[in-house]
Amino acid sequence: MSDLVIQIRELTREYVMGADRVHALRGVTLQIQRNEYVAIMGPSGSGKSTMMNILGCLDTPSAGEYWLNGQEVSRMVDDALARVRNREIGFVFQTFNLLPRATALENVELPLIYAGVSSKARRERAVSALQRVGLGDRIGHRPNELSGGQRQRVAIARALVNRPSILLADEPTGNLDSATSEEIMRVFGELHRQGQTVILVTHEADIAARANRVVVLRDGQLASDRLQPDRAAA
Amino acid sequence: MHFFEAVRMALRTIVTQKLKSFFSLLGVLVGVTFLIAVVSIVQGMNVYMEDKFANRLIGLNTFQLRRMPNIQTGDTPEETWREWQRRPRVTYADADYIETRLHTPALFSRFCSERLRVAYGSKSAKGIDIAGADAAYFQIKNYDLASGRPFTPQEVQAGTPVVVIGDLLAEKLFEGVDPIGKPLLIEGLPYRVVGVVEKQGTLFGISMDKFAVTPFNAPVRSRICAWNTLDEFHVQAANPASMVAAMDEVEAMMRIRRQLKPGQRSNFYLQTAEAALEGWHKIAAILFMALPGLVAISLVVGGIVIMNIMLMAVAERTREIGIRKALGAKRRDILAQFVVESATLSTVGAALGIGLGILLAFAVKAATPLPAAVAPWSVGVGVVLGIAVGMGAGIYPASRASRLDPITALRAE
C-alpha cells in the first residue's frame with residue numbers, strides 16, 4: 001500500500017436549500033501523504049467547512065471518491081462512519097468542544113469508551129495522552145477550571161488518544177489569544193515531527209504558514225496547492 | 001458503550017441537577033409509594049383479619065351452629081332478616097344429638113352469653129360479657145390461663161358457681177388483689193373465681209379481656225339463655241379438612257331433625273371464620289382491583305413527565321451529542337445512553353417510592369393496631385415498573401437524540 005493517507009477524486013457536494021441547489025464542492029481532487037502537515041485555507045463560502053466535514057467523515061460527498069487510510073469512506077453510512085471517526089480521525093475544534101461536566105481525564109477517555117477499550121487501559125492511555133500535551137498534572141480538572149490553552153490541549157489529547165491516522169483541526173486557535181495560539185501551534189508542530197499527519201483548516205494566513213503544504217479552496221474548487229518546505233519545521 | 005458507564009453518567013446528571021431530577025421523579029415516586037403502601041396495608045389487614053379477628057372470635061378449625069350469622073359484613077336485606085327471626089333456636093337436644101352422633105372427632109361446647117353486671121366488694125362493672133359454656137370452650141378459643149384453672153366438666157355438670165374471668169376484669173375489679181378464690185357477684189348471684197385468662201389484647205381498639213365464663217349449668221344460666229335453647233353450639237375439628245367433614249355431618253343431622261325437604265333452605269347457620277372474613281375479602285378484592293388502575297395513572301403521568309424531561313435534556317445537550325458522535329459514538333450508543341439515563345432516573349424514583357411506601361406502611365403500623373406487612377413481591381413489582389416506565393419514556397427522546405446529524409448538533413449552542 002502506498003503512503004497515501006487521504007485520496008480524494010472529483011469530490012462533489014451539493015445541498016438542496018428550498019428550490020436552490022448549492023454547490024459547496026465542485027470536483028476536488030487531492031492526495032495527502034502520511035506525516036504531511038497540510039493547511040486548508042479559503043475565504044468563507046469557499047467550501048472549506050464542507051471539505052472539513054467530509055474529511056472528518058461527519059458528512060459524505062454527493063459524488064466522487066474519498067479513500068481514507070485504504071478504506072473508501074465516501075459510500076459508508078452512519079455507524080460505519082462513526083467507527084471510522086473513532087479509529088481514524090482526531091478532531092480539534094475551534095470551541096474545544098469538551099464535555100463541561102466531565103474532567104480532563106474523562107473527556108480524553110471518551111473516544112476510548114466508544115472504541116470499547118477496558119477501563120484500566122483507557123485510563124492509562126488517557127493519562128499518557130494528557131502527559132504528551134503537558135497536562136499530566138491537570139487530569140482531574142474540569143474544563144471551567146482550565147485556561148483556554150489548557151482546554152485546547154485537553155482537546156488535542158482527546159484527538160490523539162485513539163492514535164488516529166489524521167489529526168483534523170478546525171480553526172484550532174480561533175478562540176485563543178496570540179500567545180496561547182503560539183503555544184498550541186507549537187504542540188501541532190511537535191506532533192507533526194513525531195510522525196502525526198496533521199490537517200489544519202483555517203482562514204488565518206499566519207497559522208497556515210506553519211504547515212508545510214497549503215491548499216487553498218475557492219468557490220468549491222482547488223485554487224492552489226503549494227508546498228512550503230522552508231517552513232516545514234516551524 | 002458499557003452499561004455501567006451509562007448508569008454512572010445518568011447518576012451524575014441526577015446528582016448535578018437534584019431539584020429538577022426530583023420533580024421529574026415525582027410521578028413514579030408517588031405511583032410506587034402508593035403501590036407499596038397499599039399492598040403492605042392490605043396484606044397487614046389480611047394477616048390481622050385472619051389471625052386475630054376470625055381465629056380469635058371463632059377459633060381455629062371451628063364452626064358454630066347458630067340460628068343466623070353473627071358476624072355480618074355488608075347489608076342484609078330486610079326480608080332475609082325477617083326470615084332469620086322466624087327460625088327456630090338451636091336447642092340442648094340439638095347439641096346432645098350432634099355430640100353423641102358426630103363421627104368426625106371434635107370438641108364441643110354449648111354457648112350462651114349476655115351482658116350483665118358483676119361486683120366484687122364495693123366495686124362493680126356493667127356490660128360485662130358473661131358466657132355459659134362447656135369445659136372444652138377454653139381449648140376451642142385457645143385461652144391460656146394466666147393463673148388458676150379452667151372449670152371442669154364435672155363443675156359444668158353440677159352447675160357449680162365458679163367463674164373464669166378475663167384479664168381486664170381481673171385488673172379493674174381486683175386491683176392489686178389475687179382474684180383466685182375471691183367471691184364475684186354476677187347479677188347478684190355469688191360465684192367463686194377459679195381462673196384468669198391470659199391477656200388477649202384488643203381488636204380494632206376494643207378490649208378482648210372484658211368477659212367472664214361460667215359453667216354452662218351454673219345459676220346465671222337462666223339470665224343468659226332462653227329456656228332449653230342455645231346461642232351457639234361450637235364444634236372444633238382437628239384440621240380444616242375434618243372441619244369441612246364435620247360441617248357436612250352437622251348440616252345433614254340438623255336437616256333431618258328439622259324435617260327439611262330436599263331443596264328446602266336450611267333454617268340454621270354454620271358460622272365459620274371463613275364466612276366472617278367474606279366481607280373483608282370483598283373489600284380487599286376491590287382494593288386490589290382498584291390498585292393497578294391508580295398505580296398505572298401515576299406511572300403514566302410519571303412517564304410523560306420523564307419523557308418531557310428527557311426531551312429537554314436532549315435539546316439542552318444537543319452539542320454534547322454532536323461531540324460524542326464526532327468522537328465515534330454510534331446511534332445505538334447515544335440511544336443506550338439516554339434510555340439508560342431515563343431508566344436510571346425512573347428507577348431512582350421507584351427506589352425512593354419503595355422507601356417512602358415502607359415508611360408509610362410502618363407509620364400506619366405504629367399509629368394503628370394493624371400490622372403492616374411489606375410484601376416482597378410488591379417491592380419487586382415496584383422496581384420492575386420503575387425500570388420499565390423509564391425505558392418506555394426514554395425511547396422516544398433517545399431515538400431523537402441518536403438520529404441527530406453530528407454537524408448540526410456540533411453547531412448547536
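Student: In which helix of chain B do Glu320(B) and Arg324(B) both lie?

Tutor: This is a predicted model, where local features need pLDDT of at least 70, side-chain atom pairs count only at pLDDT 80 or more, and totals for chains, interfaces and linings use all residues; side-chain values use heavy atoms, leaving out hydrogens and water. Residues are numbered from 1 along each chain as its sequence is written, while chains are lettered from A and ligands numbered from 1 in the order in which they are written. Helices (H or I, at least four residues) and strands (E, at least two) are DSSP runs, numbered from the N terminus. Glu320(B) and Arg324(B) are four residues apart, about one turn of the helix, and both lie in helix H12.

Student: How far apart are the closest N and O atoms of Glu320(B) and Arg324(B)?

Tutor: Side chains of opposite charge can pair when their charged atoms come close. A salt bridge needs a side-chain nitrogen of Lys or Arg within 4 Å of a carboxyl oxygen of Asp or Glu. Glu320(B) and Arg324(B) form such a bridge, with the closest N and O atoms at 2.9 Å.

Student: Which residues are joined into one network by salt bridges that share partners?

Tutor: Glu320(B) and Arg324(B) are paired in a salt bridge. Both are among the residues that shared partners link into one network. The members are Arg317(B), Glu320(B), Arg324(B) and Glu341(B).

Student: Is Arg317(B) buried or exposed?

Tutor: Arg317(B) sits in the loop between helix H11 (278–316) and helix H12 (318–326) of chain B. Buried means under 20% relative accessible area, exposed over 50%, and partly exposed in between (1.4 Å probe, protein chains only). Arg317(B) has a relative accessibility of 9%, so it counts as buried.

Student: Which residue of chain A is in contact with Arg317(B), leaving aside neighbours within four places in sequence?

Tutor: Contact means heavy atoms within 4.5 Å. In chain B, Arg317(B) then touches Thr13(B), Gln337(B), Phe338(B) and Glu341(B). From chain A, the contact is Arg101(A).

Student: Which three residues supply 30% of the area that chain A buries against chain B?

Tutor: Across the two chains, 25 residues of chain A are in contact with 27 residues of chain B. Buried area is the accessible area (1.4 Å probe) that two parts lose on being put together, summed over both; here the value is about 2,300 Å², with 54% from carbon and sulfur atoms. The three that supply 30% of chain A's part, more than any other three residues, are Leu58(A), Arg101(A) and Tyr114(A).

Student: Which element gives the most to the side of chain A that touches chain B?

Tutor: Chain A and chain B share three salt bridges, one of them between Arg331(B) and Asp78(A). The elements that give two or more residues to chain A's side are helix H2 (78–88) and helix H3 (104–115). With six residues, the one that gives the most is H2(A).

Student: Why are the buried residues of helix H4 of chain B on the same side?

Tutor: In H4(B), residues 92–101, the buried residues are Tyr92(B), Asp94(B), Ala95(B) and Ile98(B). The arc is taken from the directions from the helix axis to the C-beta atoms. The four are on the same side of H4(B) because they cover an arc of only 160°.

Student: How many residues apart are Glu36(A) and Arg213(A)?

Tutor: Glu36(A) and Arg213(A) form a salt bridge, with the closest N and O atoms 2.9 Å apart. Glu36(A) is in the loop between strands E2 (20–33) and E3 (37–41) of chain A, whereas Arg213(A) is in strand E9 (residues 213–218). Both residues are buried. The pair links distant parts of the chain, and the separation is 177 residues.

Student: What is the relative accessibility of Cys57(A)?

Tutor: Cys57(A) lies in the loop between helix H1 (48–55) and strand E4 (63–68) of chain A. Its phi is positive, about 60°, although Cys57(A) is not a glycine. Cys57(A) counts as buried because its relative accessibility is 1%.

Student: How far apart in space are Thr272(B) and Val163(B), C-alpha to C-alpha?

Tutor: Thr272(B) belongs to strand E14 (residues 269–272) of chain B and counts as buried at 8% relative accessibility. Not counting residues up to four places away in sequence, Thr272(B) touches Ile58(B), Thr62(B), Phe63(B), Met243(B) and Met247(B). Thr272(B) and Val163(B) are 109 residues apart in sequence, and their distance in space is 27 Å.
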